[in-house]
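Let's walk through this one together, starting with a single residue and then stepping back to the whole chain. Have a look at the model first.

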Amino acid sequence: MVEILNRIEQQPYHWPVGRTTFQKVAFVATMEGLPTGLAFMKSSYGPFSPKLKEMITRMVNHGLIREVKFGRMFMVKTGQTFADARKAYEKEIGKWEPIIEKTVDLFVRMNTMQAEIVSTVLFAEKELTRSGKNKPAETDVLSYVLEWKQKRRPPLDSEKVAHTIRNLAMLKWLNVQPSPNLPVAGKFIHVAEIIKMRRHQSK
């Protein structure tokens with residue numbers, strides 16, 4: 001988890017990673033198979049694990065991460081002991097390289113709102129699949145997200161959510177059926193600018 005944070009910090013134009021975004025990073029990494037031991041539930045700002053707060057406290061106490069006040073938010077940053085810990089656990093970190101790299105790619109250019117929408121969409125598709133929809137339609141995911149977030153203030157932009165669903169499906173993060181009536185008019189791009197235009201077309 002801290003290695004993911006570390007790699008995001010190495011990118012020159014990354015957004016600050018606050019507590020909310022760190023929750024979303026943890027959710028995606030766990031969903032992809034990183035054995036964090038965390039379970040996530042629906043919460044006001046997307047998938048949330050109460051246990052992560054305890055984990056963060058332990059990591060702060062061990063100097064692996066630190067929390068820094070930044071305006072109205074607390075940034076989560078790598079701590080003074082992480083470099084040594086990284087050397088000690090280099091082989092273990094290497095074992096999870098594909099998940100680490102994929103998660104970094106997804107979050108490296110996202111602000112807090114974008115991270116919330118992306119993780120909420122991913123959670124919605126996962127829950128719909130678990131409840132029996134083998135391959136839910138894009139509109140099923142949209143309805144799930146909007147119903148979940150109906151009391152959110154300010155409300156989520158349904159078109160941005162729809163674009164996020166379509167983009168995540170295109171990037172193979174979602175296994176959904178295309179919906180011809182998905183409200184995706186206009187240009188809106190995001191999902192980290194389609195993973196920075198697919199890493200400059202794989203260079």
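Where does K149 lie? Keep in mind as you look that this is a predicted model. K149 sits in the loop that runs between α8 and α9. Helix α8 covers 138-148 and α9 covers 158-170.

What does K149 touch, once residues up to four places away in sequence are set aside? The list is S43, S44, Y45, G46, E116, T120 and L156. If you want to see this in your viewer, select K149 together with those partners, among them E116 and the run S43, S44, Y45 and G46.

Stay in that loop for a moment, as P154 is found between α8 and α9 too. The peptide bond joining R153 and P154 is cis, with omega at about 0 degrees. So what you'd look for in a backbone torsion listing is the R153 to P154 step.

K172 has a positive phi, near 70 degrees, and K172 is a residue other than glycine. Its place is the loop between α9 and α10, the latter being helix 191-202. Is K172 buried or exposed? Its relative accessible area is 69%, and since exposed means over 50%, K172 is exposed.

Time to zoom out. The chain has 10 helices and 4 strands. Reading from the N terminus, the order is α-α-β-β-α-β-β-α-α-α-α-α-α-α. The radius of gyration is 17 Å, close to the 17 Å that the globule rule gives for 203 residues, so the chain is as compact as a globular protein of that length. The C-alpha trace spans about 50 × 40 × 35 Å along its principal axes.

How much of the chain counts as buried? The figure is 45% of the 203 residues. As for contacts between residues at least 6 apart in sequence, 65% of them join residues at least 24 apart.

Finally, the surface and the charges.

Notes:
Residues numbered from 1 in each chain as written. Predicted model: local features only at pLDDT ≥ 70, side-chain atom pairs only at ≥ 80, totals over all residues. Heavy atoms only, no water. Helix = DSSP H or I, 4+ residues; strand = E, 2+ residues; numbered from the N terminus. Buried < 20%, exposed > 50% of the residue type's maximum accessible area, 1.4 Å probe, protein only. Rg over C-alpha atoms; globule rule 2.2 N^0.38 Å. Contact = heavy atoms within 4.5 Å.
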